[in-house]
Amino acid sequence: MLANNMLRNLSNSYERLGKYQEQLATGKKISRPSDDPVVAMKGIAYREDLARVKQYQRNIGEVHNWIDSADDALDKVGLALQRVQELVVQASTDTATPEDRKKIADEIDQIQKHIVDVANTKVGGKYIFNGADTKNPLFIGYPGETGFAVNGNQSDVEIEVFDGIKLDVNIDGKTLFTGIIGMLDNLKTVLNDPNSTGNTISSHLSQVEAQQDALLAARSELGAKQNRVEMMENRLSTQEVIATKLMSNNEDIEYEKTITDLITQESVHRAALSVGARIIQPTLVDFLR
Amino acid sequence: MLSTFHGLEVAKRGMFTQQSALYVTAHNIANANTPGYSRQRVNFVETEPFPPASMNRPQIPGQMGTGVEAGSIQRIRDSFLDYQYRNEASKLGYWSARSEVIAKMEDIMNEPSEFGLSKAMTQFWESLQDLSANPENEGARAVVRQRGIAVAESFNYLYTSLSQIRDDLGQEIKTGLLEVNSILKQISELNDQIKAVEPNGYLPNDLYDKRDALVDELSKYFQVKVETVPSGGNALDIAEGIYEISLVNQDGSTVKIVTKDGYSKLSVDPPVDPVNDPTNPDGYVSEIRIEDALGNITTISYDKFNDLASGRIKSLIESYGYGSDPNNVKGYYPDMLADLNKMAYSFATMFNAQHREGYDLNNSNGVDFFEMNVSDNTTGKGAAASIKVSDVIMSDLGKIAASSKSGESGNGNNALYLSMIKDVQITNGSATLPSSSGTTVSVPITGGTVQTFYQGLIGKIGVDGQQAERMKTNAETLATSVDNNRQSVSSVSLDEEMTNMIKFQHAYNAAARMITAIDEMLDKIINDMGIVGR
């Protein structure tokens with residue numbers, strides 16, 4: 001009976017040692033739901049939360065992609081419009097001959113093609129200015145050529161950045177670019193017309209400025225979105241810290257505590273072994289002749 | 001007048017009796033480590049004094065003792081402790097089987113971990129979020145498809161593995177009952193032997209021990225009640241008689257399984273042998289049949305299983321499944337399998353409905369994303385085993401309907417709605433899709449979300465497992481403590497046997513010395529007396 005008891009106590013003691021060792025090896029308080037159902041269930045929910053936060057962070061990367069590319073493209077359009085403005089001023093002087101104006105018109109034609117190229121910017125396989133129809137370019141061909149067409153999808157592209165919060169990441173490319181292209185078309189017509197005077201040409205300056213304003217408005221909208229994304233990003237990184245901490249508090253062991261427990265258990269186990277060795281051995285048989 | 005050799009006879013009886021006590025001591029020491037052995041002792045009885053009361057008694061003063069004899073050899077056992085032990089053993093059998101089956105289930109569900117169903121669902125959700133950010137991207141689509149396959153395969157794996165374990169449980173019930181039947185047969189045979197020995201005035205101690213060990217074993221499987229019937233004839237008062245054993249129900253009613261006439265055979269109906277006998281593929285037990293020695297059949301039907309007090313068989317049947325027919329099966333594993341079906345069916349149905357609302361890369365409406373063979377829409381039976389990503393999606397990535405509007409390849413709204421499916425609130429078995437269409441889908445899950453439903457499943461396993469483990473530990477502690485008590489009564493203590501040995505040896509030696517003394521006395525009479533003047 002003593003032997004049985006000792007064996008049972010020893011194996012219990014081994015079991016506890018094993019438990020602590022497993023906790024130390026995995027760093028987790030539990031390895032199966034029945035160890036602590038509440039921790040297990042909470043654990044599933046916390047993992048879920050953490051995965052969510054990490055995914056939204058990835059989505060925000062994509063948002064940055066869209067906004068930065070669009071901003072970069074619009075920057076190029078801005079430079080082009082500046083050049084157009086200079087050219088219009090140059091052409092509006094009455095000393096400019098119709099030939100000079102024709103050359104300027106040619107340059108504007110090239111600038112127009114450049115802007116069409118920019119409008120068809122493709123980032124990561126997506127046309128970023130054609131609304132949600134990202135498989136197709138905004139413009140097909142170049143203005144003045146046969147077959148030139150505008151696709152012009154104006155839907156928002158939305159990306160979820162937090163539960164239920166969606167950001168539309170694109171700007172209305174159709175309105176902006178068709179405005180600019182139309183304005184440039186008008187300019188070309190005026191410049192190619194030998195009857196145009198300096199005054200008629202300079203009156204188009206206000207149109208150029210109007211398009212520059214439209215461009216600026218689009219860029220400031222992008223800037224505002226950028227700010228919003230950055231705020232969301234900060235919130236998400238705080239959330240990540242909180243979610244990680246909650247998960248860790250829920251299921252991770254405190255190493256110092258577990259190691260102390262393990263050592264205590266180890267000494268209990270040693271004591272049990274040595275006591276066992278003492279009580280098991282002698283019987284009356286040992287003392288009889 | 002006393003006989004001259006009276007003293008010799010007394011001393012001889014003493015020697016014989018002490019000798020038999022020594023032999024019994026030797027028997028005890030030899031069996032010190034035999035499981036189920038109870039130590040034995042010789043009941044010393046004084047022999048009839050001389051002279052007895054009678055008309056022709058000799059006129060001597062007082063009655064003279066005539067020595068000792070071994071009245072009987074009895075085993076030391078407390079039947080009340082046996083009773084206690086067997087009660088605890090059947091509880092232990094019940095809870096340890098319970099805790100084993102739940103531990104297996106926990107191993108298969110493998111939660112919380114990086115490899116369980118919840119991880120697969122989370123990864124699927126992540127891929128759909130990625131798709132919503134890059135809806136035109138073939139790579140994102142391929143990931144959604146692969147993660148979709150992973151979810152489907154997780155369901156398949158869980159369902160198949162759990163069914164496998166359930167089949168194993170069926171085998172275990174079968175072998176358990178075979179074991180029980182063999183025990184009953186052995187007990188009955190021992191009853192017969194005991195019935196043959198006892199009427200001769202003997203105590204078949206070693207047969208008693210064997211029989212009690214078998215009843216201990218039996219009590220792990222069922223809670224039993226033991227009654228004794230005297231075997232008649234010249235049996236001693238302390239003879240234990242024949243065991244009659246009955247199954248005990250919770251209300252205290254009993255069904256006899258061993259009587260003095262023979263033993264019953266236990267089986268379950270329908271037979272549970274999924275491997276060799278596929279007639280019962282869904283695995284359920286509708287009744288326990290008890291066929292007695294005369295061929296009469298008593299049954300305990302499924303709605304009375306709760307009445308069985310405890311024991312391993314009850315626990316196994318509860319885990320395996322029981323009910324009136326294959327469509328009404330309750331039980332731990334069947335419930336879990338049914339819940340997995342419900343979850344798979346609810347998720348896939350909602351997902352498909354949302355997928356059909358979207359548009360694929362070719363601007364046509366979505367098709368079903370998941371396919372499954374379901375025999376019953378209200379329970380989703382068959383869903384978890386058969387769910388897979390549909391062939392259309394498998395052959396063409398472009399068929400994944402990520403867009404909520406025709407012609408917009410950059411629109412990822414439907415992918416976003418798809419990602420919300422697992423968190424769609426279900427009320428009274430009906431769920432409204434996350435898109436603005438307002439379409440409702442009826443699903444087997446009655447409330448909460450797919451995600452919380454699964455958390456609930458895991459939580460239930462956890463709580464049940466913890467309870468089973470706790471009850472098992474309690475029953476184990478009680479059984480061990482009763483067994484300790486029992487052993488302190490019945491087991492062989494070498495110290496005690498050694499003490500007895502010394503006691504009996506000295507008594508034997510003393511009796512032998514008595515013979516020497518009487519020998520000297522007789523020598524005096526025979527050789528030294530009456531030689532005056534010779």
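**Notebook: surface patch, A–B interface and backbone details**

Entry 1, surface of chain A. I looked for nonpolar patches and found one of about 340 Å², made by Leu2(A), Val275(A), Ile279(A) and Ile280(A). I note at the outset that the model is predicted. I then asked which element gives the most to this patch; it is helix α7 of chain A, residues 255-280, with three residues. I placed Ile280(A) in that helix, α7 of chain A.

I listed the contacts between the two chains: 42 residues of chain A touch 49 residues of chain B. I computed the area buried between chain A and chain B as about 3,900 Å², and carbon and sulfur atoms give 52% of that area. I asked which three residues supply more than any other three of the area that chain A buries against chain B. They are Met1(A), Pro33(A) and Ile44(A), which together supply 15%.

I counted 25 residue pairs in polar contact between chain A and chain B, with both residues at pLDDT 80 or more. I then sorted the side of chain A that touches chain B by element: α1 (2-26), α2 (37-92) and β5 (158-162) of chain A each give two or more residues. Of the elements on this side, α2(A) gives the most, with 15 residues.

Side chains of opposite charge can pair when their charged atoms come close. I searched the interface of chain A and chain B with the salt-bridge rule and found seven. I recorded one between Arg32(A) and Glu106(B), where the closest N and O atoms are 2.7 Å apart.

I checked the peptide bond from Phe50(B) to Pro51(B) and found it cis, with omega near 0°. I located Pro51(B) in the loop between β1 (40-46) and β2 (68-75) of chain B. I next noted that Asn110(B), although not a glycine, has a positive phi of about 50°. Where is Asn110(B) found? I located Asn110(B) in the loop between α2 (79-109) and α3 of chain B.

Definitions and conventions:
Residues are numbered from 1 along each chain as its sequence is written. Chains are lettered from A and ligands numbered from 1 in the order in which they are written. This is a predicted model: local features need pLDDT of at least 70, side-chain atom pairs count only at pLDDT 80 or more; totals for chains, interfaces and linings use all residues. Side-chain values use heavy atoms; hydrogens and water are left out. Contact means heavy atoms within 4.5 Å. Buried area is the accessible area (1.4 Å probe) that two parts lose on being put together, summed over both. A salt bridge is a side-chain nitrogen of Lys or Arg within 4 Å of a carboxyl oxygen of Asp or Glu. A polar contact is a pair of N or O atoms within 3.5 Å; within protein, one must be able to donate a hydrogen and the other to accept it, and residues adjacent in sequence count only if both atoms are side-chain atoms. Helices (H or I, at least four residues) and strands (E, at least two) are DSSP runs, numbered from the N terminus. Patches are made of residues with over 30% relative accessible area and no salt bridge: like charges are joined within 9 Å, nonpolar side chains (Val, Leu, Ile, Met, Phe, Trp, Tyr) within 5 Å. Accessible areas come from the Shrake-Rupley method with a 1.4 Å probe; for residues, only the protein chains shown count as cover.
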